[in-house]
Amino acid sequence: MVGVNRVFNIDQMRQLAQSKLPKFIFDYLNGGADDEWVLQNNRAVFAKYGLLTEVLKDVSEINTSTTLLGMKTDLPIILSSTGASRFFHPEGEVAVARAAAEENVLYGIASSAMSSIEEVASVAPGPRFFQVYVFKDPGLNSEFVQRTKAAGYQAMYLTVDTVVAGNRERDLRNQLSIPPKITPRTVWQVGKRPKWAMDYITTQAWGFPNVESALDETTKKDFGSIAEWFASQLDRSFTWDDAAHLIAEWNGPFVIKGITRPEDAIRAAEAGATGIVVSNHGGRQLDRLPSSIELLPGIVDAVGDRLEVFVDSGFRRGTDIITALALGAKAVAIGRPYLYGLAAGGQVGVSRVVQLLKAEIERDMAMMGITSIDQINRGCLFERNRK
């Protein structure tokens, strides 16, 4: 079987991850909401954009470094916060954190992580943030603020597009549960992936350590009940006033993730946010949202220099990332690509994904006649069918 060092692009890494995971786990990683229209459009829309070259430039030295939320990183890439990473590899968030620190890229863990705030901080000294949802319990959100500060995290993210869970029909068809239900189908799928099965059986039991303080003793003992608790705690009444209170309590770099309207980007700035992520949640929530890359220019124009604007959803190539930077993004956040690497090879697989994207960005910049990230602008773009 091909190892991660013989993988040369993100799609090949996806195929390798698929060969390592039971189908119901891979579908959870790879699927989207409803008809998965957004999931497909996130990739197809890049065909609208071309990149222009400027020749006979001295490109003997290429600098891909940048500063994000006051943190110096080697790439304009963020390893986005994703829950339940131990689904894909027994080391989960710990492996990702180590890889991110090694490659000096910004990484965030989620409140739904399977490793604790403190554990991740202890294994990796790199730039990092913690991500919260709009939970009903303000005491839990305050606890997150205090624990995250004490552990030395430099920023906090608030995800605002998950007040209800998306309709992910692959998971419904697979009868996905936590822990996996023992059915003829799951036994067959797990049996075809003996390494994954052995890791699941022999390593520490799955759990959500960051929310244990909010759980009663009965819920703590039942992993399925913990998952149900998460769904029940999403606060549909959370407003901009609540966000502003959390931002003030954190009192540091703060990013709101899930913005699709210029008006909401302006509200984020008014609430005191440092940055935003233009996002359709990778096609896993509302299945008629435009692609993030299409929404990006209008949002950048609306907020100007008031916020650092990041973007995610559908990015797989260095050319995709350069396109986003040209449209005004400060950085691109990736989720599935590094999780493919995690599933395919743990920490080494995550590092390989970052290295592949770095090599592509450096090569693309050289061919475009660009030597530093700050030289990438809209003049680098050719937009097809632009009116």
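Is E294 buried, exposed or partly exposed? E294 counts as partly exposed, because its relative accessibility is 32%, a value that lies between the 20% under which a residue is called buried and the 50% over which it is called exposed. The model described here is a predicted one, and a search of the whole structure finds 15 salt bridges, several of which are set out below by location.

**A salt bridge across the sequence**

- The side chain of E294 meets that of K48 in a salt bridge, with an N to O distance of 3.3 Å.
- K48 lies in the loop between α3 (37–44) and β1 (49–51), whereas E294 lies in helix α14 (residues 292–303), so this pair ties together parts that are 246 residues apart in sequence.
- K48 counts as partly exposed, because its relative accessibility is 35%, and E294, at 32%, is likewise described as partly exposed.

**Helix α9 and its residues**

- P194 has its place in helix α9, which comprises residues 194–202, and P194 counts as exposed because its relative accessibility is 55%.
- Although P194 and L51 are 143 residues apart in sequence, the separation in space is also given for this pair, and it amounts to 44 Å from C-alpha to C-alpha.
- Within helix α9, D199 and K195 are four residues apart, which is about one turn of the helix, and their side chains meet in a salt bridge with an N to O distance of 2.8 Å.

**Helix α13**

- R267 forms a salt bridge with D264, and the closest N and O atoms of this pair are 2.5 Å apart.
- Because R267 and D264 are three residues apart in helix α13 (residues 262–271), about one helical turn separates them.
- R267 is partly exposed, with a relative accessible area of 38%.

**A network of charged residues**

- Four residues, namely K23, D27, E36 and R170, are linked in a network of salt bridges.
- As a general point, side chains of opposite charge can pair when their charged atoms come close.

Methods. Residues are numbered from 1 along each chain as its sequence is written. This is a predicted model: local features need pLDDT of at least 70, side-chain atom pairs count only at pLDDT 80 or more; totals for chains, interfaces and linings use all residues. Side-chain values use heavy atoms; hydrogens and water are left out. Helices (H or I, at least four residues) and strands (E, at least two) are DSSP runs, numbered from the N terminus. Buried means under 20% relative accessible area, exposed over 50%, partly exposed in between (1.4 Å probe, protein chains only).
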